[in-house]
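Work through the exercises below with the sequence and the model at hand. Each task is followed by a solution in steps.

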Amino acid sequence: MAEKVIYKDDISIELKKPKMYKVILLNDDYTTMDFVVEVLMIVFHKSATDATQIMLDVHQKGKGVVGTYTYDIASTKIAQVEQMASERGFPLAAVMEPE
Ligand code: TYC
């Protein structure tokens, strides 16, 4: 919903919240658990404890939400995951969907 804000005494402007997108990490049978934890810490700034919990959750359930971001940030993080994975020869992948 747009929020009206008064700008310089009498000019009102509308501030729209950006659409947000969930980044979803996908399980696979080949990427090592350690590497997934490393990616979650580097790309998504998760603590070792949180990264391990998310990785195990994705491993058990098949997929899981890692975070919610604007379109550009979500796309960049997905590209970073794929770049790191391809450098190491792992099929690890992430996708995004509207919140
Ligand atoms: N399933 C992988 C394994 O058993 C680990 C894994 C977890 C891979 C999460 C991807 O997003 C993932 N080595």
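The unreviewed UniProt entry carries the annotation "domain: Adaptor protein ClpS core" for residues 16–94; positions are given in the numbering used here, feature names are shortened, and such annotations may be inferred rather than shown by experiment. The model is predicted, so local features need pLDDT of at least 70 and side-chain atom pairs count only at pLDDT 80 or more, while totals for chains, interfaces and linings use all residues. Residues are numbered from 1 along each chain as its sequence is written, and side-chain values use heavy atoms, with hydrogens and water left out.

**Exercise 1. Describe the chain over residues 16–94.**

Step 1. Helices (H or I, at least four residues) and strands (E, at least two) are DSSP runs, numbered from the N terminus.

**Exercise 2. Find the aromatic pairs and classify the pair of Tyr21 and Tyr71.**

Step 1. Searching the whole structure gives 3 aromatic pairs. Rings of Phe, Tyr and Trp (its six-membered ring) pair if their centres lie within 6.5 Å; planes under 30 degrees apart count as stacked, over 60 as edge-to-face and the rest as tilted.

Step 2. For Tyr21 and Tyr71 the ring centres are 5.4 Å apart and the planes stand at 80°, so this pair is edge-to-face.

Step 3. Tyr21 belongs to strand 3 (residues 21–26) and Tyr71 to helix 3 (residues 71–88), and the pair links these distant parts of the chain, 50 residues apart.

Step 4. Buried means under 20% relative accessible area, exposed over 50%, and partly exposed in between (1.4 Å probe, protein chains only). Tyr21 has 16% relative accessibility and so counts as buried, whereas Tyr71, at 48%, counts as partly exposed.

**Exercise 3. Which parts of the chain does the pair of Phe35 and Phe90 tie together?**

Step 1. Phe35 and Phe90 form a tilted aromatic pair, with 5.0 Å from centre to centre and 45° between the planes.

Step 2. Phe35 is in helix 1 (residues 33–44), while Phe90 is in the loop between helix 3 and strand 5 (93–98), so the pair ties together parts 55 residues apart in sequence.

Step 3. Both Phe35 and Phe90 are buried.

**Exercise 4. Where does the charged end of Lys77 sit?**

Step 1. The criterion is that NZ of Lys or CZ of Arg is within 6 Å of the ring centre and within 35 degrees of the ring normal.

Step 2. The charged end of Lys77 is over the ring of Tyr69, 5.3 Å from the ring centre.

**Exercise 5. Describe how helix 1 and helix 2 cross, and then the loop between them.**

Step 1. Two packed helices are described by the angle between their axes and the distance between the axes. Axes are lines fitted to C-alpha atoms, for helices over the stretch in contact, and angles run from 0 to 180 degrees between N-to-C directions.

Step 2. The axes of helix 1 and helix 2 (residues 48–61) cross at roughly 125° and come within 9 Å. Helix 1 is therefore oblique to helix 2; angles under 35 degrees count as roughly parallel, over 145 as roughly antiparallel, 65 to 115 as roughly perpendicular and the rest as oblique.

Step 3. The crossing of helix 1 and helix 2 is right-handed: a crossing is left-handed if the near helix is turned anticlockwise from the far one by less than a right angle, and right-handed if clockwise.

Step 4. The loop between helix 1 and helix 2 contains His45. Most residues other than glycine have a negative phi. His45, not a glycine, has a positive phi of about 55°, and it is exposed, with a relative accessible area of 64%.

**Exercise 6. How far apart are the C-alpha atoms of Lys19 and Glu99?**

Step 1. Lys19 is in the loop between strand 2 (11–15) and strand 3 and is exposed, with a relative accessible area of 65%.

Step 2. Lys19 and Glu99 are 80 residues apart along the chain, and their C-alpha atoms are separated by 7.8 Å.
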